[in-house]
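Here's a quick tour of one protein chain, put together for someone new to reading structures. Keep the 3D view open and hop between the topics as you like.

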Amino acid sequence: MEKRNKTEKSDDQSDYLPVNAFSESELAICPKCARKNPPTKTECLYCGAVLSARPEMSGKTEISLNRPEIWENGFNLVFLPANDPIDTSGISLIGELTGLGIDHSRMILNSKIPLPILRADSPEDLKSLGGNLEKAGINWTIISDSELGPEKSFRRLRKIKFESGQIQLVLFNEEETLGIDPEEMVLLVAGKIFQKKVRATEKRLKAGERKILDSAETLSDDPLLDIFIKRDRTGFRVFTHGFDFSCLGHEKGFIARENLEKLFVRLRSAAPNAGVIENYGQLREFLDPVWEIEEKKEATGLKRAGIGKFNLEHLTIATNLNQFNKFSRLQFVLL
């Protein structure tokens with residue numbers, strides 16, 4: 001992938017720093033058109049006039065990163081929570097890097113868990129930006145996609161037993177049961193896997209153009225629970241379907257989603273020292289710009305449209321599976 005020059009224009013979101021990421025006093029006023037610009041810009045976004053340098057912004061650099069494709073191994077600049085409060089300059093800087101406004105940037109800093117801010121194809125491209133975060137009192141680190149293993153499946157569980165002070169993890173479709181002490185369970189991560197399927201029929205027109213004749217869309221969201229223990233980096237996963245909730249005893253109900261919530265409470269009680277993450281749904285809007293939703297399109301066949309004529313049918317599937325895998329394992333890696 002060819003690197004872009006920092007002054008080269010691009011359609012990437014990272015090259016355009018939003019005005020609403022800064023306070024009114026930080027904005028640079030163009031001497032020619034009098035419009036407001038982000039303080040990191042040296043030229044007006046609207047007329048191209050040279051902007052006066054702002055001493056308080058020295059050391060900050062424009063963002064110009066080579067972003068890898070979703071299937072390529074990349075590197076993630078990750079915000080690390082700290083006990084000390086972050087001042088306004090730190091909040092503005094997060095807004096600058098992420099392209100989000102002040103309120104959303106404050107929510108990232110107040111999340112109290114590690115979150116990715118940017119993704120690039122080289123760690124060197126992220127280190128200088130990390131230095132700016134450090135100057136603003138923000139802790140950070142760089143984690144590669146390969147460390148998070150988004151395509152590596154979690155070990156699915158069929159049953160959990162609570163016996164003799166131990167937690168027994170019974171693997172799905174395997175004759176294996178792993179017995180652990182409660183102290184070995186270090187993290188529980190609750191979330192959902194979303195999937196959107198769009199099945200469409202399209203007609204080929206002249207000059208390579210195509211026209212959608214009809215389409216049907218289906219949506220699903222499946223709650224799940226990830227379990228991490230000290231001696232296994234892969235992680236274990238509980239789905240609502242195919243799991244035996246008999247460990248809940250008389251608390252077991254008829255609705256699988258409610259049973260999963262009860263299992264979550266039961267595990268928290270059995271392993272009180274384990275960390276708990278259950279706000280993935282609220283954080284998705286911050287994850288989507290960094291870890292995109294996967295989408296794949298595949299042809300499913302031909303549909304007869306008359307004598308000697310056929311239309312093409314295809315299926316498009318969008319899912320957050322890899323995103324949630326990254327999110328879940330990130331919390332474990334940075335415990």
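T201 is buried, because its relative accessibility is 4% and the cut-off for buried is under 20%. Keep in mind that you're looking at a predicted model, so the confidence scores further down deserve a look too.

- You'll find T201 in strand β9, which runs over residues 185–204.

**Salt bridges**
- How many salt bridges does the structure hold? The count is 13.
- One of them pairs R67 with E292, and their closest N and O atoms are 3.4 Å apart. This pair links distant parts of the chain, 225 residues apart. R67 sits in the loop between β2 (36–37) and β3 (75–80), while E292 sits in the loop between α6 (280–287) and β13 (294–306).
- Are these two partners buried or partly exposed? R67 is partly exposed, with a relative accessible area of 31%, and E292 is partly exposed as well, at 38% relative accessibility.
- E184 and R231 also meet through their side chains in a salt bridge, at 2.7 Å from N to O. E184 lies in the loop between β8 (177–180) and β9, and R231 in the loop between β10 (210–229) and β11 (232–239), so this pair ties together parts that are 47 residues apart in sequence. E184 counts as buried, at 17% relative accessibility.
- K192 and D221 form another side-chain salt bridge, 3.3 Å from N to O. Because K192 lies in strand β9 and D221 in strand β10, the pair ties together parts that are 29 residues apart in sequence. K192 is partly exposed with a relative accessible area of 32%, and D221 is partly exposed at 25%.
- Some salt bridges share partners: R119, D145 and K326 are joined into one network that way.

**Helices α6 and α7**
- Two packed helices are described by the angle between their axes and the distance between those axes.
- Here, α6 and α7 pack at an angle of about 110°, and their axes are 12 Å apart. Angles from 65 to 115 degrees count as roughly perpendicular, which means α6 and α7 are roughly perpendicular to each other.
- Which residues meet where these helices pack? From α6 come Y280, L283, R284 and L287, and from α7 come Q323, F324 and F327. Sorted by class, the contact has five nonpolar residues, one polar and one charged.

**L321 in helix α7**
- L321 belongs to helix α7, which covers residues 321–333.
- L321 is partly exposed, with a relative accessible area of 33%.
- Setting aside neighbours within four places in sequence, L321 is in contact with I193 and R237.
- L321 and E294 are 27 residues apart along the chain, and their C-alpha atoms are separated by 7.8 Å.

**How confident is the prediction?**
- The protein's average pLDDT is 84, and 87% of the residues score at least 70.
- Residues 1–18 stay under 50 in pLDDT, and the model has 34 contacts for them beyond four places in sequence.
- Residues 54–61 also have a pLDDT below 50, with 17 contacts in the model beyond near neighbours in sequence.

Technical notes: Residues are numbered from 1 along each chain as its sequence is written. This is a predicted model: local features need pLDDT of at least 70, side-chain atom pairs count only at pLDDT 80 or more; totals for chains, interfaces and linings use all residues. Side-chain values use heavy atoms; hydrogens and water are left out. Helices (H or I, at least four residues) and strands (E, at least two) are DSSP runs, numbered from the N terminus. Buried means under 20% relative accessible area, exposed over 50%, partly exposed in between (1.4 Å probe, protein chains only). A salt bridge is a side-chain nitrogen of Lys or Arg within 4 Å of a carboxyl oxygen of Asp or Glu. Contact means heavy atoms within 4.5 Å. pLDDT is the predictor's confidence in each residue, from 0 to 100. Axes are lines fitted to C-alpha atoms, for helices over the stretch in contact, and angles run from 0 to 180 degrees between N-to-C directions. Angles under 35 degrees count as roughly parallel, over 145 as roughly antiparallel, 65 to 115 as roughly perpendicular and the rest as oblique. Ala, Val, Leu, Ile, Met, Phe, Trp, Tyr, Cys and Pro count as nonpolar, Asp, Glu, Lys and Arg as charged, and the others, Gly among them, as polar.
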